[in-house]
Structures are given as structure tokens and as C-alpha cells.
Amino acid sequence: MPFDLDRTTHRFVKTGSGGVQTVVSDDPQDATRVRLVRQHLQEETARFRRGDFDDPGRIHGTEMPGLQALREHGGRIVLAYAPTADGGRITYTTSDPELREALHAWFDAQVSDHGQHATR
């Protein structure tokens, strides 16, 4: 990641239609970190739309739960990026129950791997 993990918090909230991933700077006044978080999430959103989940695979391992199904989503997950005051968020929306379950498993794996830097 292009920013210090120790100075950010990642939130993964499961929803009935998918989920919301939010990354924020622990210091909302740190304009450089906020900018880096936003830039990273915008780039990830573009990649994820294409089914390119290589970045999380490199960080968390290529066998992380849900990852293969997300790679094969073929546009059945709608992704939307939005900036927040202290970072940004990606909203994942799907009507496919199998993809929703894959997304939830992927969220759980990230929360587990990020440890103290992630919440649900």
C-alpha cells in the first residue's frame, strides 16, 4: 500500500447487497495520507471492476477466501468509489448471493489479516 498501514484504519462492513470497505487516516489532518488513501482506493476500484484482484492477493495470499469468485465476477458486482473527509470508501453491490458470500468471506479474511488496523 502506498501509505503507512500503522496510521490508517480499514473498515469492512458486510451488507445484504454486498459491503462497504472504508480506509481512513488516523489523523484526518494529514492531507498527504488522506490523498494517498483516496488515490489507492480509486485505483483499486478501477482494477476490481476489471476483475483484477492481484493487489489484495499479493498482500494477503492468492488463496484468500472469496478471491477467486471475485476475480471471476464479470461485472456482476457494481463498485463505487467515494471520498470521505478522512480517506475514502468502496461500495460493492451485487444481487448474486454466491458473490455476496464470496465478498463477505473476503472481507473477513482482510479483517483477520490486517489485525489491529481493521474493524468490521
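A quick definition before anything else: when I say polar contact, I'm talking about a pair of N or O atoms within 3.5 Å, where, within protein, one must be able to donate a hydrogen and the other to accept it, and residues adjacent in sequence count only if both atoms are side-chain atoms. With that in hand, look at Asp 96, whose side chain reaches the backbone nitrogen of Leu 99 at 3.1 Å. A polar atom of that Asp 96 side chain also lies 2.8 Å from the backbone nitrogen of Glu 98.

Some housekeeping. This is a predicted model, so to speak about local features I need pLDDT of at least 70, side-chain atom pairs count only at pLDDT 80 or more, and totals for chains, interfaces and linings use all residues. Numbering runs from 1 along each chain as its sequence is written, and side-chain values use heavy atoms, with hydrogens and water left out.

Okay, the overall picture. Going along the sequence, the pattern reads β-β-α-α-α-β-β-α-β. Of the 120 residues, 43% are buried; the cut-offs are under 20% relative accessible area for buried, over 50% for exposed, and partly exposed in between, with a 1.4 Å probe and protein chains only. The protein exposes about 6100 Å², and 47% of that comes from carbon and sulfur atoms; those areas are Shrake-Rupley with a 1.4 Å probe, and for residues only the protein chains shown count as cover. As for contacts, meaning heavy atoms within 4.5 Å, take the ones between residues at least 6 apart in sequence: 60% of them join residues at least 24 apart.

Where does Asp 96 sit? In the loop between strand 4 and helix 4. Asp 96 counts as buried, with a relative accessible area of 18%.

Now the start of the chain. Strands 1 and 2 form a hairpin with 2 residues between them, and they pair in the antiparallel sense over 8 bridges; pairing here takes at least two DSSP bridges between the strands. Val 13, for instance, stands opposite Val 20 in strand 2.

Lys 14 is in strand 1 too, partly exposed at 38% relative accessible area. Which side chain does the side chain of Lys 14 make a polar contact with? That of Asp 108, at 2.8 Å. Skipping residues up to four places away in sequence, Lys 14 touches Gly 19, His 104, Phe 107 and Asp 108. Lys 14 and Phe 107 are 93 residues apart in sequence, yet 7.6 Å apart C-alpha to C-alpha.

At Ser 25, in strand 2, we're looking at a buried residue with 3% relative accessible area. The Ser 25 side chain reaches the backbone oxygen of Asp 27 at 2.8 Å. Beyond its neighbours within four places in sequence, Ser 25 has contacts that include Arg 7, Arg 33 and Asp 86.

On to the rings. There are 8 aromatic pairs: rings of Phe, Tyr and Trp (its six-membered ring) with centres within 6.5 Å, called stacked with planes under 30 degrees apart, edge-to-face over 60, and tilted for the rest. Phe 12 and Phe 107 have ring centres 5.2 Å apart and planes at 65°, so that pair is edge-to-face. Why do Trp 106 and Phe 107 count as tilted? Because their planes are at 35°, with the centres 6.1 Å apart. Trp 106 has a relative accessible area of 0%. One aromatic cluster takes in Phe 12, Phe 48, Phe 53, Tyr 92, Trp 106 and Phe 107.

Last stop, the core. A nonpolar core is a set of buried Ala, Val, Leu, Ile, Met, Phe, Trp, Tyr and Cys residues joined through side-chain atoms within 4.5 Å. The largest one has 20 residues, and Phe 48, Leu 70, Tyr 92 and Trp 106 have the most contacts inside it. Helix 1 (31-49), helix 3 (67-71), strand 4 (87-93) and helix 4 each supply at least two residues of this core, with the largest share, 7 residues, coming from helix 4. Leu 70 touches, among others, Phe 53, Ile 77 and Trp 106, not counting residues up to four places away in sequence.

Terms used: Helices (H or I, at least four residues) and strands (E, at least two) are DSSP runs, numbered from the N terminus.
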